[in-house]
Amino acid sequence: MKSAVENLSPTRVKLTVEVPFEELKPSIDAAYKTIGQQVQVPGFRRGKVPARIIDQRIGKGAVLQEAVNEALPQFYGQAIDETGLKPLSQPEVDVTEIPLEDGQQLAFAAEMDVRPAIEMPDFTGITVDVDDVEVTDEDVNANLAQLQERFGSLVGVDRAARTGDFVSIDLSASIDGEEIDSVSGVSYEIGSGNMLEGMDDQLVGVKADETKTFTAPLAGGDRAGQDAEISITVLSVKERELPELDDEFAQLASEFDTMDELRADVTAQTERAKKFEQGAQARDKVLAQLLETIEIPLPESLVEAEVESHFAEGSEEGHDTAEHRDEVAKNVREAMKGQFLLDAIAEEREVQVGQQELIEYLVMQAQQYGMDPNQFAQIMDSNGQVPSMVSEVARRKALATVLEDITIKDASGNVVNLSDLDVEVEDGDEGSDDSGSSDDTEGSDDAPATKASAKKAPAKKAAAKKAAAKDADAADATDAAAAADAAAGGSEQEAKPAKKAPAKKSPAKKAAAKDSDATDAAAEGSEEEAKPAKKASAKKAAAKADETDDASEGKPAKKAPAKKAPAKKAAKDEDAADA
């Protein structure tokens, strides 16, 4: 078999393949056997019909059609392997020659979008500036206050509710008299702003057993964004009593005996969190600088497809505007460039992804969606998104290797050494504290670009409990992640070439087959390299996916269960103290 590549543009190629008759003959023989099993000819047993009889009764064109349909995906995949192309889209195939006689060849051409070649700069010559690490008394006091709140207790009060109080409520939402959703006995902190728009203002001043009715847009479910009539009945009002910050509290909340020791530990952890913020800042800046200085061509057909996909997924009325389309297209291009760049770095540096790294990523993502890690991993596997998650981990690791090569300086001109943090570059433990992790959670799993939570409790005992819980989560995810074990071997999974291609009939050969349009059924489609800007979204720390709400990678097939209730979050009353 011979194959040749013609570059049509930096992101599109034409692949020409010529297959000798000898290599196609096994497929022709198999086609005769298949058709012989399907037809019944008087005088012959099924499956024993000679080839010449099949040619007379069915036509040799039908046999060649069957053979080409079965063989074309194999030859296409073989040509992709030989040429090293990295397809981004399904190919447009045109069969140009069909061997009507023995000794003639099969020839076809396939046009496809491919990942562009990217010329890498000298990373050692790149310098980025980050903020100084400054730990103030306000920072330390804020972290102590958060720790203090975790050990507070809720006490019922007989007065009107205030901001900061916890209320137990029954809530219902209706539109045009039809009840959309309802919840009972939900605990809510007034002022948290994590349920319905305007709900905090409505609850201030309300006493137990009183009901408030108002109109607000729904926050979730099939009718998210629609105005609904909200009815809230307050069942109880509680305030949080905080323990004194003294030695007794230090012994309760940590392994330390005195408040001075606890404060010193909180100060040290706050400083560490600031250093992780430096790493996150360096990560974002170096990626932005690379995207600005490196020319990365994009296949416009893929950009347009991503934009159309975005607006095809349940767009709200007035959502599809020229201004919004421009914004979505800009985000798609930015995310796509980031993926191409990081994929190229990962390939150049031979970044590999191990099973344990994939499991840690699965657990972290499951926490993002508030799902059981095992269930989340099964959803990812059933929707075929494990390869894209492997690619995402590889991209994070690739960007971390770049951070090791560049020079990072703080505002005072001092060189920042991220290795001083003494963590693995893809470690996600810092900042995943369930008690008060930073909102920038996606940055928390690719140290040194990890953003350690400033809210992390310094209590060593509490931390030990959390670590055990994380280990349990990881254990829960292991079984489901094992289903993806084959994909966890390395980031090259994503770069596997397409193995199947839909064949298109050659206009010049119509007379060759009685049923010539069967060549259109050659194969179902290519196993594309993970589509850029489609899933990353998900949580693309390196490519700043949190800046684009449209072109993300890593989301659970857009099937992460949306909460139907108008409330975004809800906790039972007895869990309010843990909040």
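This note sets out points on the packing of a predicted model.

1. Basis. Residues are numbered from 1 along each chain as its sequence is written, and side-chain values use heavy atoms, without hydrogens or water. Local features need pLDDT of at least 70 and side-chain atom pairs 80 or more, while totals for chains, interfaces and linings use all residues.

2. Main core. The largest nonpolar core has 54 residues, with Val286 and Leu341 making the most contacts inside it. Such a core is a set of buried Ala, Val, Leu, Ile, Met, Phe, Trp, Tyr and Cys residues joined through side-chain atoms within 4.5 Å; buried means under 20% relative accessible area, exposed over 50% and partly exposed in between (1.4 Å probe, protein chains only). Helix α9 gives the most to this core, 10 residues. Helices are DSSP runs of H or I, at least four residues, and strands are E runs of at least two, numbered from the N terminus.

3. Helix α11. In α11 (residues 373–382), the buried residues are Pro373, Phe376, Ala377, Ile379 and Met380. They fall within an arc of 160° seen down the helix axis, so they line one face of α11; the arc is that of the directions from the axis to the C-beta atoms.

4. Aromatic pairs. Rings of Phe, Tyr and Trp (its six-membered ring) pair if their centres lie within 6.5 Å; planes under 30 degrees apart are stacked, over 60 edge-to-face and the rest tilted. The rule gives 2 pairs. Phe151 and Phe249 are edge-to-face, because their planes stand at 90°, with centres 5.9 Å apart. Tyr369 and Phe376 are stacked, since their planes meet at 25°, with centres 5.7 Å apart. Phe376 is buried, at 0% relative accessible area, whereas Tyr369 is partly exposed, at 26%.
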